[in-house]
Amino acid sequence: MPNDKRAEPIAEALRRFLAGSGLSKRLEQTSALEAWPGVVGPAVAAVTRPLSVASDGTLFVAVRSAPWMNELTMMEADIVAALGRRNPSAPITRIRWQLAP
């Protein structure tokens, strides 16, 4: 008996797999890493490096110095809001700052 199931495009199969596995949201969250320089501007981008995003929406960012870390801590709510506007379907919930080695 012939199989009438047609092959589907790989992009569609991958999209369905990612959505079904819950990985789609995780991939969307990582867009914050690419968006970082555009969100924070050149001065902050020059002294920071986004590292990773945890499944709970926490963005980990390396910072060049303690004074910058202090300044960025005070700016965190605005940065989180700006990242959320960039990708509302997979928002960043908070930022964890750490001194860069």
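Start at the hairpin of β1 and β2, which has 4 residues between its strands. Select G57 there: its phi is positive, near 90°. Strands here are DSSP E runs of at least two residues, helices are H or I runs of at least four, and both are numbered from the N terminus.

Before going on, note that this is a predicted model, in which local features need pLDDT of at least 70, side-chain atom pairs count only at pLDDT 80 or more, and totals for chains, interfaces and linings use all residues. Residues are numbered from 1 along each chain as its sequence is written, and side-chain values use heavy atoms, with hydrogens and water left out.

**Zoom out.** Color by secondary structure. The protein has 4 helices and 3 strands. From the N terminus, the order is α-α-α-β-β-α-β. Of the 101 residues, 31% are buried. Buried means under 20% relative accessible area, exposed means over 50%, and partly exposed lies in between (1.4 Å probe, protein chains only).

**Select β1 and β2.** Strand β1 covers residues 48-53. It runs antiparallel to β2, and 5 bridges join the two. Strands count as paired if DSSP finds at least two bridges between them. Show R49: opposite it in β2 stands A62. Now show S52, which stands opposite F60 in β2.

Pick V61 to see one of the pairings: its bridge partner in β3 is W97. In β2, 5 of the 6 residues are buried, so the strand is largely enclosed by the rest of the structure.

**Select T58.** This residue is found in strand β2. T58 is buried, with a relative accessible area of 1%. Leaving out residues up to four places away in sequence, T58 touches S52, V53, T93, R94 and R96. A contact means heavy atoms within 4.5 Å. Draw a distance from T58 to R96: the C-alpha atoms are separated by 6.8 Å, although the residues are 38 apart along the chain.

**Move to helix α3, residues 31-47.** Its end C-alpha atoms span only 20 Å. A straight helix of 17 residues would span 24 Å; the expected span is 1.5 Å times one less than the number of residues. Center on G41, where α3 has a kink of about 125°, shortly before the proline P42. That bend is the angle between axes fitted to the seven residues ending there and the seven starting there. Then show the buried residues of α3: A32, A35, W36, V40, G41, V44 and V47.

**Finish in the core.** The largest nonpolar core has 16 residues. Such a core is a set of buried Ala, Val, Leu, Ile, Met, Phe, Trp, Tyr and Cys residues joined through side-chain atoms within 4.5 Å. Show W36, L59, I79, L83, I95 and W97, which have the most contacts inside this core. The elements giving two or more residues to the core are α3, β2 (58-63), α4 (66-86) and β3 (94-99). Helix α4 supplies the largest share, 5 residues.

Which residues does L83 touch, not counting those up to four places away in sequence? Select A32, W36, V39, L59 and I92 to see them.
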